Amino acid sequence: MSRTAIVAGNWKMNLDRAKARELTAAIAARRGEAAAVELVLCPPALYAETVGTALAAAKSDVALGGQNMHDKASGAFTGEVAPPMLVDLGCRYVILGHSERRTLFGETDAIVNAKTKAALAAGLTPIVCVGETLEEREGNRTEAVVTTQVNGSLAGLSPADVEKIVIAYEPVWAIGTGKVATPQQAQEVHALIRRLLAELSSPAVAAKVRLQYGGSVKPDNAADLAAQPDIDGALVGGASLKADDFLGIAKAFA
Ligand code: PEP
């Protein structure tokens, strides 16, 4: 089963508008270096229009994504971003349940599940993040934690919806720490996630779902991760803020 690799940049709460424009233009100009890979830029929501405009000006097929959203389409939710607003700005993807959302903003699997359903209803492709903490890994609870997160975040999805999503396995201990999971550790969890998806839908559907690894991915460790059979791309934080690094990672998946 051949899956188109997908590499997404999570810019988090970084850059300003001028730098967002500059980075977008630099990536769009060199997009051909990783033509076979789907690329997604996830800027802060306030800069999505700026990045979308820069991509359109470059006639680029690099996709735009949000980093989070509310599960309601509108209403009295001060400070929140609604799924149709992301769509309105040209977003095709949205990161959901990032570990920073789960740990710093109290997002539970039930919340991630509601957001996943809302994203699909709005026509967005959710990039659903799961991953264990260091304490959970050291306590041999990785499989249990990831199983609970996948089943909880995707509860009630039809096989047709499961087929549309992207899952990012991001061990919390590897995010922004410089500690990357070994390709074997990552592959083991990706294979587990694909088995869980097969149980939730069917083996044929699970074989089509793209699974990204995230956690200190850099150009020099991306190739070993990309060589694993169940790793179909990367969700990149720090290294996505530099065009050279982001494209270097994307090339490893080409
Ligand atoms: C992330 O935040 O999704 C991430 C993977 O960050 P980093 O690449 O900086 O570890």
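A residue counts as buried at under 20% relative accessible area, as exposed at over 50%, and as partly exposed in between, with a 1.4 Å probe and protein chains only. At 28% relative accessibility, Leu15 therefore counts as partly exposed.

The structure is a predicted model: local features need pLDDT of at least 70, side-chain atom pairs count only at pLDDT 80 or more, and totals for chains, interfaces and linings use all residues. Residues are numbered from 1 along each chain as its sequence is written, and side-chain values use heavy atoms, with hydrogens and water left out.

## Two loop residues

Helices (H or I, at least four residues) and strands (E, at least two) are DSSP runs, numbered from the N terminus. Leu15 sits in the loop between strand 1 (6-10) and helix 1 (17-29). Its phi is near 75°, a positive value in a residue other than glycine.

Lys59 is placed in the loop between helix 2 (48-57) and strand 3 (63-66). The phi of Lys59 is also positive, near 50°, and this residue is not glycine either. Lys59 counts as exposed because its relative accessibility is 78%.

Helix 2, which Lys59 follows, has buried residues: Ala48, Thr50, Val51, Gly52, Ala54 and Leu55. The elements that cover them include helix 1, strand 2 (38-42), strand 3 and strand 4 (91-96). Contact here and below means heavy atoms within 4.5 Å.

## The nonpolar cores

A nonpolar core is a set of buried Ala, Val, Leu, Ile, Met, Phe, Trp, Tyr and Cys residues joined through side-chain atoms within 4.5 Å. The largest one has 64 residues, and the members that touch the most other members are Leu39, Ile193, Leu197, Tyr213, Ile249 and Phe253. Helix 9 (residues 183-200) gives the most to this core, with 6 residues. A second, separate core has 12 residues, including Ile6, Cys42, Ala63 and Ile127.

Which residues does Leu197 touch, not counting residues up to four places away in sequence? They are Leu154, Val162, Ile167, Ser202, Ala206, Val209 and Leu211.

Ile6, a member of the second core, lies in strand 1. Its relative accessible area is 0%, so Ile6 is buried. Leaving out residues up to four places away in sequence, Ile6 touches Val37, Glu38, Val40, Tyr93, Val166, Arg210, Gln212, Asp232, Gly233 and Ala234. The C-alpha atoms of Ile6 and Gly237 are separated by 14 Å, while the two residues are 231 residues apart along the chain.

Asn113 is part of helix 5 (residues 109-122). Is Asn113 buried or exposed? Asn113 counts as buried because its relative accessibility is 11%. Its side chain reaches the backbone oxygen of Ser153 at 2.9 Å. This is a polar contact, that is, a pair of N or O atoms within 3.5 Å; within protein, one must be able to donate a hydrogen and the other to accept it, and residues adjacent in sequence count only if both atoms are side-chain atoms. Beyond four places in sequence, Asn113 touches Gly152, Ser153, Leu154, Ala155 and Leu157.

## Packed helices

Two packed helices are described by the angle between their axes and the distance between the axes. Axes are lines fitted to C-alpha atoms, for helices over the stretch in contact, and angles run from 0 to 180 degrees between N-to-C directions.

| Helix pair | Angle | Axis distance |
|---|---|---|
| Helix 11 (residues 219-226) and helix 12 (residues 243-252) | about 20° | 8 Å apart |
| Helix 1 and helix 12 | about 35° | 9 Å apart |
| Helix 7 (residues 142-153) and helix 9 | roughly 40° | within 10 Å |

The angle of helix 7 and helix 9 makes helix 7 oblique to helix 9, whereas helix 11 and helix 12 are roughly parallel to each other. Angles under 35 degrees count as roughly parallel, over 145 as roughly antiparallel, 65 to 115 as roughly perpendicular and the rest as oblique.

A crossing is left-handed if the near helix is turned anticlockwise from the far one by less than a right angle, and right-handed if clockwise. Helix 11 and helix 12 cross in the right-handed way. Helix 1 passes helix 12 in a right-handed crossing, with Leu23, Ala26 and Ile27 of helix 1 in contact with Ala243, Phe246 and Leu247 of helix 12. The crossing of helix 7 and helix 9 is right-handed.

Where helix 11 meets helix 12, the residues are Pro219, Ala222, Ala223 and Ala226 on one side and Asp245, Gly248, Ile249 and Ala252 on the other. Ile249 is also listed among the residues of the largest core that touch the most other members.
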